[in-house]
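Here's a quick briefing to read alongside the model. Have the sequence and the 3D view open as you go.

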Amino acid sequence: MPRIFDSEIYISPADEWIFRGNKIDKEEILQYFRNNLHGNDKGVYIENRFGELSEHGYIRIDGFPCHVLHVELTDSGMVFHTDDGRSYPFGEFEIYETSDGGLLGLRSVEEKIKYRFTWNAARELADYLAEENGITYLEWKEVKMEIPKYTGEVLVPLPTDYT
């Protein structure tokens, strides 16, 4: 059973990682945190493993902990490259339009961890987006798919208990 606790890490609305009031800006630390980010019914946590021991440090999120950096089109599909060091094929990664007209991505297996599209990634995807009557569509090859509006919350609070 992992040790479960409040990590005291907060993701600000500007996507900054904050620990006890101090911005975390060391890229190798942020990369480790993003690579070990998980969600469950209680919230989002960073998993640390030490041999057979593990701990789950929960974080409070008001922004986006991860970002889509690049959208690659291949013969077999569309691939989203992210700053958590992973690449997700379209289908495993879902795209939504936010209320302010931005783009949000998430993996269906980790719905509480949301990805903001960087300007470069949004620009790469923009060539395949079309708007008709206030609805945004993804048009690529023979596919025309509506991009749904995201109606959920970006905010992920800390759990009320850790049991």
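Starting with charge, the protein chain carries 17 positive and 31 negative charges, and their mean positions sit 5 Å apart. Here Lys and Arg count as positive and Asp and Glu as negative, with His and the chain ends not counted; each charge is placed at NZ of Lys, CZ of Arg, CG of Asp or CD of Glu. Keep in mind that this is a predicted model: local features need pLDDT of at least 70, side-chain atom pairs count only at pLDDT 80 or more, and totals for chains, interfaces and linings use all residues. Residues are numbered from 1 along each chain as its sequence is written, and side-chain values use heavy atoms, with hydrogens and water left out.

**Overall build**
- You'll find 2 helices and 15 strands in the protein chain; these are DSSP runs numbered from the N terminus, with helices (H or I) of at least four residues and strands (E) of at least two.
- The protein chain's radius of gyration is 17 Å, close to the 15 Å from the globule rule for 163 residues, so it is as compact as a globular protein of that length. That radius is taken over C-alpha atoms, and the rule is 2.2 Å times the number of residues to the power 0.38.
- Along the principal axes, the C-alpha atoms fill a box of roughly 50 × 30 × 30 Å.

**Surface and burial**
- Of the 163 residues in the protein chain, 41% are buried (under 20% relative accessible area; exposed is over 50%, partly exposed is in between, with a 1.4 Å probe and protein chains only).

**Domains**
- The domain assignment, which is automatic or from a database, gives domain 1 (3–61) and domain 2 (66–146).
- Their contact takes 13 residues from domain 1 and 10 residues from domain 2, where contact means heavy atoms within 4.5 Å.
- The C-alpha centres of domain 1 and domain 2 are 24 Å apart.

- Val 79 is in strand E8 (residues 78–82) and counts as buried because its relative accessibility is 18%.
- Leaving out residues up to four places away in sequence, Val 79 touches several others, including His 70, Thr 74 and Tyr 88.
- Glu 139 belongs to strand E14 (residues 135–140) and is partly exposed, at 32% relative accessible area.
- With residues up to four places away in sequence not counted, Glu 139 touches Tyr 128, Ala 130, Glu 132 and Lys 144.
- Leu 125 is 14 residues from Glu 139 along the chain, and their C-alpha atoms are separated by 10.0 Å.
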